[in-house]
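Here is a short report for a reader new to this structure. Look over the sequence and the model first.

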Amino acid sequence: MVYSQLPLRCVYVISCSLFVLAAGKVPTAAHTNSWRDLFFGNKWLTPAPSSSRLRESKFLPIFTLMPYGTSSCAAPSGELGNCMASKDCLLRNGIPAGPCGGGYGVCCVFLQTCGGIIRENSTYFVNPNHPDVYDGTGSCQVTVQKMHPDICQLRLDLDMFSIAPPEPANHLCNQDQLLISGGSPTPTICGSSTGDHMYIDAGLGQSNPIVLSVITSASFPRLWRVRVSQIHCGSISRADQGCLQYFTAISGRVRSFNYNTVAGRQLSNQDYSICIRNERNFCGIQYNACPDLENNRSRAFTISGNSNNPVPTLVGGGGGANGGSPTSGCTSDWLLIGCIRSADRIPPLPGCEDRVCGGTFSAEAGMLAKTVQSSVRPFRLYFHTDGVEAPNDIDNRGFCLDYVQQPCTNGF
Ligand SMILES: [Ca+2]
């Protein structure tokens, strides 16, 4: 990631050459963690000794040559910080995490844990003892205050997120929960969701703080590091209205929280939208179940049924006013994508479906996983689960789908 910033940061030709020359040498001495020791005692662990990370820490001063004050930088332990004068960092209760800006500034990282107030953009909400695990119980919460009245959204990046999983029968977050209050409604999540993100509508006005709480009970080795970014109302990074998750690439991967093909459990009581920005000149989108490298029979899409057995695709709302059997459609847990069709039908089937569930990803009932396409814009997926799993729904993992937007030629 840092390397990709190189062209922007290469302000001075001589210094960039220095970087290129220096990058060939892999440093052998580990960096110090003194800044972390200062603020968090000796609980900080030395990060994994990957050579790339050592390179990043060593060469940070060389390629962060922009004048400090506005540029972001990376701390040796992986957090993103802002490059600023050392005294400003301390005044703002930041943690100086090594030099940046050619040695004229420090990479200032903002961390908060239980009881903290977040006032700076890109502040991390971390567990007590971070980066060690936390085994305590209670409610650990931080309050996010807008750094400017013109902040419309928060983006939470779950850099590290592992709290106790949902219980096994109905997949309810009974032991641990991440709760967000004060913003738009968000689903309660638990378990492991490292790498996932959420957007929270921050509302208008200065005086509605958003509170992030991790509620814990019983023993579990928890770890979390959530980056909280504040998004201006006019920012190009602002997500579309109503999108809990927002993806902005031609291709990518969407998945449910706590998804994991080995031990993940689809969370109950979810109801949210996943949005994919329609990129210019793209008119349709295709979805495929992600590869499942751990199981003989893929569990990448297991939303309803007993996924320890082969479960077909179910489509449509079923049941309901027409009195059909609830097992003939998706009545309890489902993913909804507007007017989906299987991509392999030429010519395409005249009808299309919206809800899909079961244990095989396709747009038509059956046991064959298929590529699914839709041209309903904007590109959105709606995920709904109720509060019940047992006895009919067992060991469902949720979903993981790879998407690719389709150019406006080619039938879309
Ligand atoms: Ca359910």
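Predicted model: local features only at pLDDT ≥ 70, side-chain atom pairs only at ≥ 80, totals over all residues.

Residues are numbered from 1 along each chain as its sequence is written.

The chain holds 5 helices and 23 strands. These are DSSP runs, numbered from the N terminus: helices are H or I with at least four residues, strands are E with at least two. The chain has 412 residues, and 39% count as buried. Buried means that 20 or more other C-beta atoms lie within 10 Å of the residue's own; exposed means 12 or fewer, and partly exposed is in between, with C-beta atoms placed from the backbone. Of the contacts between residues at least 6 apart in sequence, 73% join residues at least 24 apart. A contact means C-beta atoms, placed from the backbone, within 7 Å.

Most residues other than glycine have a negative phi, and most peptide bonds are trans.

| Cis peptide bond | Omega |
|---|---|
| His-130 to Pro-131 | about 10° |
| Ala-390 to Pro-391 | near 0° |

Pro-131 sits in the loop between β6 (123-126) and β7 (138-144). Pro-391 sits in the loop between β22 (379-384) and β23 (398-407).

Ser-122 has a positive phi, near 60°. Ser-122 lies between β5 (117-118) and β6, in a loop. Ser-122 is partly exposed, with 19 other C-beta atoms within 10 Å.

Asn-281 also has a positive phi, near 75°. Its loop runs between β15 (271-276) and β16 (282-289). Asn-281 counts as exposed because it has 10 C-beta neighbours inside 10 Å.

Note on methods:
Contact = placed C-beta atoms within 7 Å.
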